[in-house]
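Have the sequence and the 3D view at hand as you read.

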Amino acid sequence: MEFRDLKRQYKKNKRSIDKAIKKVLKEGVFIGGKPVQELEEKLADYVGVKHCITCANGTDALTLVLMAWGIGKGDAVFVPDFTFFATAEAPTFLGATPIFVDVDEDTFNMDPDSLEKAIEAVKKEGVLNSKVVIPVDLFGLPADYDRIIPIAKKYDLLVLEDAAQGFGGSIRGKKAGSFGDAAITSFFPAKPLGCYGDGGAIFTNSDKEAEVLNSLKVHGKGKSKYDNIRIGMNSRLDTIQAAILIEKFISFSKKELYLIEKKSNYLRNNLKNIVKIQKIPKGFESSYAQFTITTSDKETRDQLQKYLTEKKIPTNIYYQNMLSNLVVFNDISRQKNSLINQKVLSIPFSPYIKLKELNFISSSIKSFFDFLRLSDCDE
Ligand SMILES: *Cc1c(COP(=O)(O)O)cnc(C)c1O
């Protein structure tokens with residue numbers, strides 16, 4: 001069993017992907033060109049925003065938006081404490097200070113009350129200027145924008161949606177990538193919509209910001225490539241990756257999201273009353289970048305992981321550390337947050353996982369807890 005079955009996915013879409021790659025090779029344009037433009041149009045249309053600007057990866061996408069907004073030294077950027085490193089790395093890279101906000105133990109996403117508390121604490125301290133909040137759509141589930149956006153408005157903060165894992169998710173039909181002032185996604189292979197290397201994109205409704213971003217991602221170009229008007233980056237999506245993504249996006253939107261919904265419901269139902277699963281609030285849809293369960297404590301989680309490994313069921317711990325506990329952030333961590341990292345376990349899931357495999361996973365988890373409960377009976 002694979003943790004995330006990219007080989008089976010390729011097999012299912014081999015013909016169209018191979019054809020798209022060959023076409024790029026034949027045409028001999030490897031940077032920019034028609035596939036990149038076509039992909040940007042398709043994704044902007046799908047997400048429901050005016051502009052999609054592709055770039056080299058999700059981390060660059062975060063950095064580019066923060067650059068366009070002029071974020072740097074002396075600025076506070078609010079990020080969830082429980083996310084992939086890049087969410088906090090991008091603002092820190094630009095000289096800003098990440099403020100780690102506690103997450104909701106049921107959804108794993110940024111807790112709006114903790115966000116407001118953190119903003120107030122920074123204000124009271126009077127050292128940093130609060131500028132941006134970066135909510136993360138963790139494991140495919142959109143963050144609580146119904147509550148986060150009004151808080152950001154109240155304190156005059158910009159919202160940058162980190163939908164690196166969220167592409168394909170939605171809240172009452174409104175798609176991930178359309179929340180806040182700008183959003184980013186990643187096409188890292190294991191993300192909901194992945195390519196065959198690195199890739200990323202930015203979503204915005206602002207014409208002016210789109211123009212700045214298109215300049216920043218190509219060495220701060222002006223009217224031409226050699227008329228540089230600002231310091232930027234070299235961050236483009238390869239033409240081959242764009243061509244692959246166009247084909248994968250068709251299959252993602254037409255077929256895979258359907259499979260994800262059916263199979264996640266099936267697995268959730270199997271695991272009901274056996275183990276706690278990431279909560280999907282009413283009206284929210286997840287694209288299940290990960291299927292993540294929670295145990296009562298670290299010891300149980302570690303035992304369960306060992307048990308599943310013995311059964312040859314691969315698992316991963318996303319994420320091993322709260323960001324605020326990482327050595328690299330020692331100097332700036334302020335408050336103590338919940339330690340959800342000690343209790344989570346991600347189990348195999350992808351659109352092409354077989355029902356048989358899902359059954360084996362859930363029956364194995366059930367037998368683990370049965371044995372745990374009745375452990376004194378066999379002595
Ligand atoms: C993967 C990821 C990123 C970074 O994307 P890359 O394409 O790997 O640079 C940023 N934020 C989150 C939440 C991610 O999961």
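Predicted model: local features only at pLDDT ≥ 70, side-chain atom pairs only at ≥ 80, totals over all residues.

Residues are numbered from 1 along each chain as its sequence is written, and side-chain values use heavy atoms, with hydrogens and water left out.

**How the spaces are found**

- Rolling a probe the size of a water molecule over the atoms shows where empty space is left.
- On a 1 Å grid over the protein atoms alone, a cavity is a set of points where a 1.4 Å probe fits but cannot get out; a pocket is an open set with protein on both sides within 12 Å along at least five of seven lines; and lining residues have an atom within 4 Å of a point.
- Grid points are joined across faces, edges and corners, and a volume is the space filled by probe spheres set on the points.

**Largest pocket**

- The largest pocket holds about 470 Å³ of space.
- Its lining has 25 residues, and those closest to the centre are F84, Q165, S186, F188 and K191.
- At least two lining residues come from each of α3 (58–68), α4 (86–93) and β8 (182–186); helices (H or I, at least four residues) and strands (E, at least two) are DSSP runs, numbered from the N terminus.
- α3 gives the largest share of this lining, three residues.
- By class, the lining of the largest pocket has 13 nonpolar, eight polar and four charged residues (Ala, Val, Leu, Ile, Met, Phe, Trp, Tyr, Cys and Pro count as nonpolar, Asp, Glu, Lys and Arg as charged, and the others, Gly among them, as polar).

**Second largest pocket**

- The second largest pocket has about 270 Å³ of space.
- Among the residues that line the second largest pocket are S16, K19, K34, E38 and E247.
- α1, α2 and α8 (239–271) are the elements that give two or more residues to this lining, and α1 has the largest share, with six.
- Six charged, five nonpolar and one polar residues make up the lining of the second largest pocket.

**Cavities**

- There are three cavities of 30 Å³ or more in the structure.
- The largest cavity has about 70 Å³ of space, and residues including R4, D5, K191, K248 and E256 line it.
- α1 and α8 each give at least two residues to the lining of the largest cavity, which divides into four nonpolar, three polar and five charged residues.
- The second largest cavity has a volume of about 40 Å³, with V49, F179, D181 and F203 among its lining residues.
- β8 and β9 (200–204) each supply at least two residues of the lining of the second largest cavity, where five nonpolar, five polar and one charged residues are found.

**Two places to look at**

- I31 sits in the loop between α1 (6–27) and α2 (34–47), and I31 counts as partly exposed because its relative accessibility is 46% (buried means under 20% relative accessible area, exposed over 50%, partly exposed in between, with a 1.4 Å probe and protein chains only).
- L216 belongs to helix α7 (residues 207–216), and at 4% relative accessibility L216 counts as buried.
- L216 and I229 are 13 residues apart in sequence, and their C-alpha atoms are 9.4 Å apart in space.
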